[in-house]
Amino acid sequence: TNRYIATPIRTKEILNKYKFTFKKSLGQNFLIDVNILKNIIKHAGINKETGAIEIGPGIGALTEQLAVHADNVVAYEIDQRLLPILDDTLQGYSNVRVIHEDILKANVHEMIKEQFEPEQPVHIVANLPYYITTPILMKLLREKLPVSSLTVMIQKEVADRMAAKPNSKSYGSLTIAIQYYTHAEVVMNVPKSVFMPQPNVDSSILKLTTREKPPVHVDNEDYFFPIVQACFAQRRKTLRNNLTSHFKDVYDKGEITTILNEIGIDGTRRGESLTMEEFAILANSFYKRSL
Ligand code: SAM
């Protein structure tokens with residue numbers, strides 16, 4: 001039907017009715033294309049058995065499609081001005097609950113316990129505010145929420161980094177952080193024309209499928225992630241040199257080279273050539289020495 005929220009005409013009607021003005025600082029770029037939304041829903045694996053959590057419903061374009069296709073929906077919106085609008089635009093859907101809260105401060109674990117059935121599959125689905133994409137995803141992943149997947153519209157460049165493979169220019173510490181918790185896949189690139197207002201950057205739909213457990217064994221995550229970051233600190237530098245800077249008060253270059261030789265990783269390689277498994281071997285070996 002052409003009465004869905006996600007059309008240029010209906011969106012303009014709603015914006016005019018409420019004299020709503022976009023806040024760039026909140027990353028407000030609303031979707032005005034129902035086909036894109038249906039693609040997001042399909043890739044997310046949403047159906048009438050599943051629950052959905054949305055971050056940033058805006059005027060309800062995606063929320064409405066989630067209400068139609070999912071069992072029930074909980075949406076977090078930070079902008080107070082959108083609450084009366086959502087009450088209006090979503091009034092026909094009894095399976096939606098909007099929470100007025102900053103997602104970065106929300107207790108999502110508690111909410112899931114209260115709002116969804118214990119065995120119900122729950123998916124996170126969102127057209128994320130681009131200024132805080134990474135903090136939002138990292139918060140949700142670190143908390144190890146009982147969700148099956150996160151399917152999100154984000155800046156294309158960031159999606160490429162999250163889903164990157166070794167030896168590519170997008171591969172970096174963000175890749176490792178995301179893929180440690182999930183299987184990451186860019187499912188679709190999206191033109192700027194499906195947003196109002198149009199953003200300055202290209203977008204992609206990224207699907208993150210949560211893992212039962214990480215793909216590698218890491219002795220200490222608080223030790224692992226800083227080492228990975230250090231290996232990418234200066235992308236053109238060798239592993240040996242980046243690690244020497246990182247451990248400058250602990251080991252000299254000769255010792256670093258010896259340790260790398262012992263674990264069979266060539267110190268003249270660059271960080272971008274290491275697999276997650278190699279990063280785990282490397283970090284675990286330095287960690288054991290630090291005990
Ligand atoms: N889902 C709508 C759509 O697709 O048309 C709007 C998406 S818009 C890119 C991002 C939304 O996230 C806005 O409604 C914005 O107000 C909201 N938002 C921004 N920061 C937020 C935060 N920290 N917590 C919750 N919502 C936030």
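Author: Two strands pair if DSSP finds at least two bridges between them. Helices (H or I, at least four residues) and strands (E, at least two) are DSSP runs, numbered from the N terminus. Residues are numbered from 1 along each chain as its sequence is written. This is a predicted model: local features need pLDDT of at least 70, side-chain atom pairs count at pLDDT 80 or more, and totals for chains, interfaces and linings use all residues.

Start with threonine 182. β9 and β7 run antiparallel and share eight bridges.

Now the whole sheet. Seven strands form an open sheet, ordered β4-β3-β2-β5-β6-β9-β7, and the pairing is mixed. β7 is an edge strand, as is β4 (96–100); each pairs on one side only. From one strand to the next, the twist averages 20°. Helix α6 packs on this sheet and touches β2 (51–55), β5 (122–127), β6 (149–155) and β7 (contact: C-beta atoms, placed from the backbone, within 7 Å). The direction of α6 makes about 170° with that of β6 (axes are lines fitted to C-alpha atoms, for helices over the stretch in contact; angles run from 0 to 180 degrees between N-to-C directions).

Next, helix α8, residues 173–181. Seven of its nine residues are buried (20 or more other C-beta atoms within 10 Å of a residue's own, placed from the backbone). Among them are Thr175, Ile178 and Tyr181. The cover over the buried residues of α8 includes α6 (133–142), β7 (182–190), β9 (203–210) and α12 (276–290).

Technical notes
Buried ≥ 20, exposed ≤ 12 C-beta atoms within 10 Å, placed from the backbone. Contact = placed C-beta atoms within 7 Å.
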